[in-house]
Amino acid sequence: MKKEIKTNAMRVLDKLNINYEHIDYGLEGDFVSSVDLSEKTHQDIDYIYKTLATISNTDDIYIFVIPGAASIDFKKAARCVGVKSLEMLALKELKPKVGYERGATTSLAMKKDFPVIIDKSANDMEFIKVSAGKIGHSLKINPKDLSKANDAKFFDVIQ
């Protein structure tokens, strides 16, 4: 019998008494993009959201949760957090600074409480699926509950 996995992201939600559903896709190993995950597991990509770590011109880190098939609009994103410019955090900096590897990044239980922005497209959805902090594992969660857990704001940040 397979042991139930409990990630730090799940522990944070449990502590806050926030409901979620853990999804184990059985995809261990290499990183799988949101689009690949949707295709391999026959899920609607509209519900799968990815978490992006960015760094500003002032070296501050900002976390964005956006639809899996979308691309971030760096100008919109920078405006919403009040900085001149943003770019993706270098892959080699992801684990040391944020605490997660590529493909497992989640806005929950990071090394520090970085500001989190959720794309406004999630605001009216009943649920979204985000990384649980481990490759091959997701959390099905109400976006407003995710926002509460992260003290996140909703903004239009996609192209």
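The model is predicted, so local features are given only where pLDDT is at least 70 and side-chain atom pairs only at pLDDT 80 or more, while totals for chains, interfaces and linings use all residues. Residues are numbered from 1 along each chain as its sequence is written, and side-chain values rest on heavy atoms, with hydrogens and water left out.

**Overall fold**

The secondary structure of the protein consists of five helices and eight strands, where helices (H or I, at least four residues) and strands (E, at least two) are DSSP runs numbered from the N terminus. Read from the N terminus, the elements follow the order α-β-α-β-β-α-β-α-β-β-β-α-β. Of the 159 residues in the protein, 47% are buried; buried means under 20% relative accessible area, exposed means over 50%, and partly exposed lies in between, with a 1.4 Å probe and protein chains only. Among contacts (heavy atoms within 4.5 Å) between residues at least 6 apart in sequence, 61% join residues at least 24 apart.

Helix α1 spans residues 8-15, and its buried residues are Ala-9, Met-10 and Leu-13. Seen down the axis of α1, these buried residues fall within an arc of 100°, so they line one face of the helix; the arc is that of the directions from the helix axis to the C-beta atoms. The buried residues of α1 pack against β1 (21-24), β7 (137-141) and α5 (143-150). Just after α1, Asn-17 has a positive phi of about 55°.

In helix α5, the buried residues are Pro-143, Leu-146, Ser-147, Ala-149 and Asn-150. Around the axis they cover an arc of only 160°, which puts them on the same side of α5. Their packing partners are α1, β3, β5, β6, β7 and β8 (153-155).

Leu-13 of α1 and Ser-147 of α5 can be looked at individually. Leaving aside residues up to four places away in sequence, Leu-13 touches Ile-18, Tyr-20, Leu-108, Leu-139, Ile-141 and Ala-149. With Leu-108, which is 95 residues away along the chain, Leu-13 has a C-alpha separation of 8.3 Å. Ser-147, with neighbours within four places in sequence set aside, is in contact with Ile-118, Ala-152 and Phe-154.

| Residue | Relative accessible area | Class |
|---|---|---|
| Leu-13 | 0% | buried |
| Ser-147 | 11% | buried |
| Tyr-47 | 29% | partly exposed |

**An open sheet of three strands**

Three strands form an open, antiparallel sheet in the order β1-β7-β6, two strands being paired if DSSP finds at least two bridges between them. β1 and β6 stand at the edges with a single partner strand each, so one side of each is left without a neighbour in the sheet. From one strand to the next, the twist averages 30°, based on axes that are lines fitted to C-alpha atoms (for helices over the stretch in contact), with angles running from 0 to 180 degrees between N-to-C directions.

Four bridges connect β1 with β7, and His-22 stands opposite Leu-139 in β7. Four bridges likewise join β6 to β7, where Lys-129 faces Lys-140 in β7. The hairpin of β6 and β7 has five residues between the strands, and in this hairpin Gly-133 takes a positive phi near 95°.

**Nonpolar cores**

In soluble globular proteins, nonpolar side chains tend to be buried together. A nonpolar core is here a set of buried Ala, Val, Leu, Ile, Met, Phe, Trp, Tyr and Cys residues joined through side-chain atoms within 4.5 Å. The largest such core has 29 residues, of which Ile-63, Val-98, Ile-128, Val-130, Leu-139 and Leu-146 touch the most other members. At least two residues of this core come from each of α1, β2 (49-56), β3 (61-67), α4 (91-98), β5 (116-119), β6 (128-131), β7 and α5. A second, separate core of 15 residues includes Ala-77, Leu-86, Val-157 and Ile-158.

**An aromatic pair**

A search of the whole structure finds one aromatic pair, defined by ring centres within 6.5 Å for Phe, Tyr and Trp (its six-membered ring), with planes under 30 degrees apart counted as stacked, over 60 as edge-to-face and the rest as tilted. The rings of Tyr-47 and Phe-127 have centres 4.7 Å apart and planes at 15°, so the pair is stacked. Tyr-47 lies in the loop between α2 (34-41) and β2, and Phe-127 in the loop between β5 and β6, so that the pair links parts of the chain 80 residues apart.
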